[in-house]
Amino acid sequence: MTDLSLDSIDEPENSPREECGVFGVWAPGEDVAKLTYYGLYALQHRGQEAAGISVGDGSQVLVFKDLGLVSQVFDEQTLASMQGHIAVGHCRYSTTGSTTWENSQPIFRHTAAGNAVALGHNGNLVNTAELAQRARDLGIYSRSETASSDSDVIGALLAHEAADKTLEQAALELLPTLRGAFCLTFQDENTLYAARDPHGVRPLSLGRLDRGWVVASETAALDIVGASFVRDIEPGELLAIDADGVRSTRFTEATPKGCIFEYVYLARPDSVINGRSVHSARVDIGRRLAREAPAPIGDLVIPVPESGTPAAVGYAQESGIPYGQGLMKNAYVGRTFIQPSQTIRQLGIRLKLNPLKEVIRGKKLVVVDDSIVRGNTQRALIRMLREAGAAEVHVRIASPPVRWPCFYGIDFASPAELIANGMESEAGMVEGIRKAIDADSLSYLSIDGMVAASEQPADALCMACFDGHYPIELPQETSMGKAVLETILAVPNDNASALMRP
């Protein structure tokens, strides 16, 4: 979600940060608030900063949201008070901008006719400034608005368009004007809606309950609430779900460009995206990595948990090197509002990972991780493994080098912070990173290997963070456009200038 204030969040995370999770349910006779609560629980990995649920009962829409994890925001009493037959849920991570209550979702607006609109958004628009100016020109949005996300602009414009028409008609007029990656779930008092951008950058699925329907960012959330998977919502499709059933309308032509990083890192391994099991894709990635980059010597393959685990399993299977658990992850350490002391902060990665010394002492390790972004975590991890007695540390990365920022919903570092950026040659880049993180050897999976493991056509995937080929053009006059232009200058790419819209 684009933040109009363009303030940055200072968090020393090494991995790419998740974006958001959306969930919606239309199910008369069911406890839709609790279904949404559990659906958001399944999507918590996609956003840990804020959570919210809206519920409609045919006459009104009630919204409850706050900063924090799903389990921190909601309790039994709150959920019991949210009665109705339609619900929209959202868990948020802001890809840029501040973490404030006003930016939490679902966004709530009233139309001129007094009807309610509640909306949740996963993704990132690239024409937010243009849309915000349009909203200001219409007198429905001002620079003093306390909420400052692209999601709030969408909500404001949607409510405005619905002044003299149905919400479905308003959406069909607004959606073609949105550019970027977006998966939307929204509702009024009677109907649940879901829409996916024409590129289908982020996943969105439809599920069936005995007495209703569910939409969710990932199929794992359908499983959690007992919904059977029906199909993926298509790129460029708007669904409307009410007492008459499910209506599907195309608001624009589909040009699929699904994010390949969903298969590498973002999605839960028990989800299925476009017919491909995420877990199976990651295991296959590990097998291909073992064939492309065999370790010169190895006694044990260990993952960086949890995102590196399936690839490490595949690497061990293909290489014949035994698989082992050399690192323990503290499952209860996540984003917190209580900052660690300076002494603890200096320990860095030990807050989340701790080595099993008796397992790794004296061993030549093959350490499998999903990606390297800044390199800070790998550097600290290798130091920790050596201090625990590892004889050698050979790092294998289950994706290509991340050299480009993402403008479609993942908060990668700026170009200057990406450790793979600025290297003149591929070989020089890998050797430079190996020295920087102090590994005995370092290898990445190729782009071709990653694409093959996804089992998706290469021309139907967005791989911009790896190859710099952005499928959605960015206006030069915006901060995003300027950032891309700076990136193009920093990492020469013959094709990248085509994404800039004059």
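1. Q378 sits in helix α13, which covers residues 376-387. The model is a predicted one. In this model Q378 is buried, because its relative accessible area is 3% and buried means under 20%. What does the side chain of Q378 reach? The side chain of Q378 reaches the backbone oxygen of S371, at 3.0 Å.

2. Next, strand β17. This strand spans residues 300-303. L300 and I302 point one way from the strand. V301 and P303 point the other way. Are these residues buried or exposed? All are buried, on either side of β17.

3. Which strand pairs with β17? The partner is β20, residues 364-369. The two strands run in the parallel sense, and four bridges join them. For I302, the bridge partner in β20 is V367.

4. Now helix α15, residues 447-454. The buried residues of this helix are G449, M450, V451, A453 and S454. What do they pack against? Two of the partners are strands: β16 (276-277) and β23 (461-462). The helices are α8 (261-266), α9 (278-292) and α16 (464-467).

5. The residue just after α15 deserves a check of its backbone. There, E455 takes a positive phi of about 60°. S454, one of the buried residues of α15, comes in the helix; E455 follows just after the helix.

6. On the surface, look for a nonpolar patch formed by Y38, Y41 and I224. Together these residues have about 300 Å² of accessible area. Y41 belongs to helix α1, residues 32-42. How is Y41 classed? Y41 counts as partly exposed, because its relative accessibility is 40% and that class lies between the 20% cut-off for buried and the 50% cut-off for exposed.

7. Last, the chain as a whole. How many helices and strands does the chain have? There are 17 helices and 25 strands. The chain has 502 residues, and 57% of them count as buried. The accessible surface comes to about 19400 Å². Carbon and sulfur atoms hold 50% of that surface.

8. A word on contacts along the sequence.

Technical notes
Residues numbered from 1 in each chain as written. Predicted model: local features only at pLDDT ≥ 70, side-chain atom pairs only at ≥ 80, totals over all residues. Heavy atoms only, no water. Patch = residues over 30% accessible without salt bridge, like charges linked within 9 Å, V, L, I, M, F, W, Y side chains within 5 Å. Areas by Shrake-Rupley, 256 points an atom, 1.4 Å probe, with all protein chains shown as cover. Salt bridge = Lys/Arg side-chain N within 4 Å of Asp/Glu carboxyl O. Buried < 20%, exposed > 50% of the residue type's maximum accessible area, 1.4 Å probe, protein only. Contact = heavy atoms within 4.5 Å. Polar contact = N/O pair within 3.5 Å; in protein donor to acceptor, adjacent residues only side chain to side chain. Pairing = 2+ DSSP bridges.
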